[in-house]
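Thanks for coming, everyone. Please take a look at the screen before I start.

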Amino acid sequence: MKKSILLLAALAAVACGNQGETQKAPEVVTPNVEVATAESRDVPQDNVYASTIQAYAVNNIAPQTAGRIRKINVEVGDYVVKGQILAEMDRLQLEQTELQVQNDDIEYERLKGLYAEGGVSQSDFETAELGYKLRKSNLANLRENTILRSPITGYVSARNFDAGDLFSMSAPLFTVQQVTPVKLLVGISESEYTKIRKGDKVSLTVDAIPGQEFSGKVDRLYPTIDPATHTFKAEVVVPNTDRVLRPGMYARVTVNFGTRRSVIVPDKALVKQEGTGTRFIYVLRADNTVSYLPVTVGRHMGQEYEVLSGLEEGARVVVKGQALLRDGVKVNVL
């Protein structure tokens, strides 16, 4: 019995020895990575804003009083110039006043002669002269409100009455919009308030005219900031000499705020930490180990990112193979 026990113990010892000989230490895998060098250069600080094209000026044209519309000279869509006759109202009162003023002209000249000779007192002459000037002023006002002219050059965008209608002052007869130039109101972030100036040049594109870029400039900066959106308004004016831009078109306005010297890395170098918005980069050290480095990024330019803080120019950053990396891991650079 004792011999059997000793034999089994010996066999177990031999088995354990053989098993120890067959087990091998786990191999350490060195990750393969590709790296790139962080560069420093001037980065344009431009932003794109959505806006809508507006007419530079909008005039609603109507007489001061109700009356019969005698004649309509233009239609919606017509291009009119400043001073062009758009419509005529009933002329009866105008013609009567013209005849009265013609008679006043003769009477005024007669009174002037009498006054010069002493045949009329100064008081009487001044009273007559005042009445004469008032009637001439009334005639000018009647002409302006009987023969309706466009105060601006632009397109007729609305006509609300027809010839023969009784104008009731419920709506203007016409609306004329000036489109040379046009303007846009652009809402810009308050963080850019000190970076933009009156006269700065901008560019814009419109969906209605693909492939064409237009130039304009900042004409006015509104002095207050909207507390709800934290933006302020910049009024941009575009010459639009060929009149292809029309009010209501959707536009994308690019405003350039100058340049900033920044560190640039390929966008493949950035890794986003799961569950947070933190971005980091693995930087290669001299001993071929990598260092975990959180960074603050700025603009995304094609296949590159602007790094605002956390990284220095000349650093070698990992752009491929980050999945197996940890801080301090030794790597093999391909």
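Which element gives the largest share of the lining of the largest pocket? It is helix 3, with four residues. Keep in mind that this is a predicted model.

The largest pocket holds about 260 Å³ of space. Its lining has 14 residues, and the closest to the centre are T65, A66, Q93, L142 and T146. Helix 3 spans 122-146. Strand 3, at 67-72, and helix 2, at 92-117, also give two or more residues to this lining. What about the classes? Seven lining residues are polar, five are nonpolar and two are charged.

On to the second largest pocket. Here the space is about 200 Å³. The lining residues are N60, I61, A62, Q64, E144, N145, I147, L148, R149 and P151. Two or more of them come from each of strand 2 (39-61), helix 3 and strand 6 (147-149). Which of these elements gives the largest share? Strand 6 does, with three residues. By class, this lining has five nonpolar residues, three polar ones and two charged ones.

Now the helices themselves. In general, a packed pair is described by the angle between the two axes and the distance between them. How do helix 2 and helix 3 cross? Their axes come within 9 Å, at an angle of roughly 155°. That angle is over 145°, so helix 2 runs roughly antiparallel to helix 3. The crossing of helix 2 past helix 3 is left-handed.

Which residues make the contact? From helix 2 we have Q93, L94, T97, E98, Q100, V101, D104, D105, Y108, L111, K112 and Y115. From helix 3 we have Q122, F125, A128, E129, Y132, R135, K136, N138, L139, L142, R143 and T146. Split by class, the contact has ten nonpolar, eight charged and six polar residues.

Two backbone details to finish. Where is the cis peptide bond? It joins T180 and P181, with omega at about 5°. P181 sits in strand 9, which covers residues 174-189. The other detail is M169. Its phi is positive, about 70°, although M169 is not a glycine. You will find M169 in the loop between strand 8, at 166-167, and strand 9.

That is my tour. Questions, please.

Technical notes
Residues numbered from 1 in each chain as written. Predicted model: local features only at pLDDT ≥ 70, side-chain atom pairs only at ≥ 80, totals over all residues. Heavy atoms only, no water. 1 Å grid on protein atoms, 1.4 Å probe; cavity = no way out; pocket = protein on both sides within 12 Å on 5 of 7 lines; lining within 4 Å. Points joined across faces, edges and corners; volume = space filled by probe spheres on them. Nonpolar A, V, L, I, M, F, W, Y, C, P; charged D, E, K, R; others polar. Axes fitted to C-alpha atoms, helices over the stretch in contact; angles between N-to-C directions. Parallel < 35°, antiparallel > 145°, perpendicular 65-115°, else oblique. Left-handed = near helix turned anticlockwise from the far one by under 90°. Contact = heavy atoms within 4.5 Å.
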